[in-house]
Amino acid sequence: MLLNWTVMILYNYFSAMFVGPGYVPLGWTPEKSQDCMYLQYCKVCQSYKAPRSHHCRKCNRCVMKMDHHCPWINNCCGYQNHASFTLFLLLAPLGCIHASFIFVMTMYTQLYNRISFGWSSVKIDMSAAKRDPRPIIPFGLSAFAASLFALGLALGTTIAVGMLFIIQMKVILTNKTSIESWIEEKAKDRIQYYRTGETFIFPYDMGSKWKNFKQVFTWSGIPEGDGLDWPVRDGCHQYSLTIEQLKQKADKRVRSVRYRAVEDYSGVCCPVTKGVETFFTTPCTEEPRIALSKGDLILATRGLNHWMYGEKILDSAADGGIRERGWFPKKCVEECQYDSETDQPVDGEKKNR
């Protein structure tokens, strides 16, 4: 049975790794040209982003139904490999629980055969067993240490991977990826901030956990659909989510603040020269850092106490339209009160926008 666990774990692991999540075809456009107005355009892939797809910086492609980029499989978890990845997260803890049971019973029986009870002390002799039958494999001090170490690894894997499995099952049963959950939260924040009176309904939740489950797990092992068109619940549009993304993108441009770099920053993860608080409060995320030179302009969209996230304002003609986005220390920048070219307040620019 332990070998069966190993085979099934490795099969689903390598399936998730090599099958991949599925990518939006390069140069893809919707069948109806008028639908392009509801979609975002990816300059890297030279195509429109299909519903539920997002561009991954690590894979450098637009991934269908992207949930996250997983370093364990060195690939994204998405449309095609979501089932294999989730089965791997289920089977790995089950195999580790089985292995933990074997380790515990082995150490218990071997130690029991080596314990001597005296009137005033208890002694453990690891050199040989006190009772027959003798073990087929010699169990000495080194074997005990190795078994104890392996038991710790098995229990740690059970807890860590088991928690990831619970998170993925929540994602599957609601038919809502981690990125889409974040989009839904921002939608509620946008509606509350502007008090528009809108009601955002997530379009891909079929209203039944079983129906959502069948979107990922099928008897053939191939998920339903083609990864580009998705069934939606009643009252929702095929592009309900993408329209909300466009609204959030426009809102982010309006609510962003322009800053100017007053210090150079090399782009390291934990800068030592920018203060102790900046060093120890570096954002725990895979999002990149951007290097700054004194005088650079940055459009900040969000921030923490000592860090900010934004996009460097570049000359699109000179830089080929490449966008530089990432985190940078708040200590290195100051807010622009006036635009250097027009000498007008930035707030006025936002109102006109």
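## Pocket, strands and ring pairs in a predicted model

The second largest pocket has a volume of about 430 Å³. The structure is a predicted model. The lining of this pocket comprises 20 residues, and A83, F217, T218, G221 and I222 are those nearest its centre. By residue class, the lining of the second largest pocket consists of 12 nonpolar, 7 polar and 1 charged. At least two lining residues come from each of helix 1 (2-19), helix 2 (82-112) and helix 5 (209-214). Helix 1 contributes the most to the lining of the second largest pocket, namely 4 residues.

Is L39 buried or exposed? L39 is buried because its relative accessible area, 6%, falls under the 20% cut-off. Leaving aside neighbours within four places in sequence, L39 is in contact with W28, P30, Y48, K49, P51, Y239, T242 and L246. The C-alpha atom of L39 is separated by 9.6 Å from that of L241, although the two residues are 202 residues apart along the chain.

Strand 10 (residues 297-303) pairs with strand 9 and with strand 11. The table gives the two pairings.

| Strands | Direction | Bridges |
|---|---|---|
| Strand 9 (residues 257-261) and strand 10 (residues 297-303) | antiparallel | 4 bridges |
| Strand 10 and strand 11 (residues 307-312) | antiparallel | 5 bridges |

A300 takes part in both pairings: in strand 10 it is the bridge partner of V257, and it stands opposite G310 in strand 11.

Aromatic pairs are described next. The structure holds 14 aromatic pairs. In one of them, the ring centres of Y193 and Y194 are 4.8 Å apart and the planes are at 85°, so the pair is edge-to-face. Y194 is partly exposed, with a relative accessible area of 37%. F202 and Y204 form an edge-to-face aromatic pair, with 5.6 Å centre to centre and 80° between the planes. F202 and Y204 are both buried.

Which residues do ring pairs link into a cluster? The cluster consists of Y13, F14, F18, W72 and F88, linked by ring pairs.

Key: Residues are numbered from 1 along each chain as its sequence is written. This is a predicted model: local features need pLDDT of at least 70, side-chain atom pairs count only at pLDDT 80 or more; totals for chains, interfaces and linings use all residues. Side-chain values use heavy atoms; hydrogens and water are left out. Two strands pair if DSSP finds at least two bridges between them. On a 1 Å grid over the protein atoms alone, a cavity is a set of points where a 1.4 Å probe fits but cannot get out, and a pocket is an open set with protein on both sides within 12 Å along at least five of seven lines; lining residues have an atom within 4 Å of a point. Grid points are joined across faces, edges and corners, and a volume is the space filled by probe spheres set on the points. Ala, Val, Leu, Ile, Met, Phe, Trp, Tyr, Cys and Pro count as nonpolar, Asp, Glu, Lys and Arg as charged, and the others, Gly among them, as polar. Buried means under 20% relative accessible area, exposed over 50%, partly exposed in between (1.4 Å probe, protein chains only). Contact means heavy atoms within 4.5 Å. Rings of Phe, Tyr and Trp (its six-membered ring) pair if their centres lie within 6.5 Å; planes under 30 degrees apart count as stacked, over 60 as edge-to-face and the rest as tilted.
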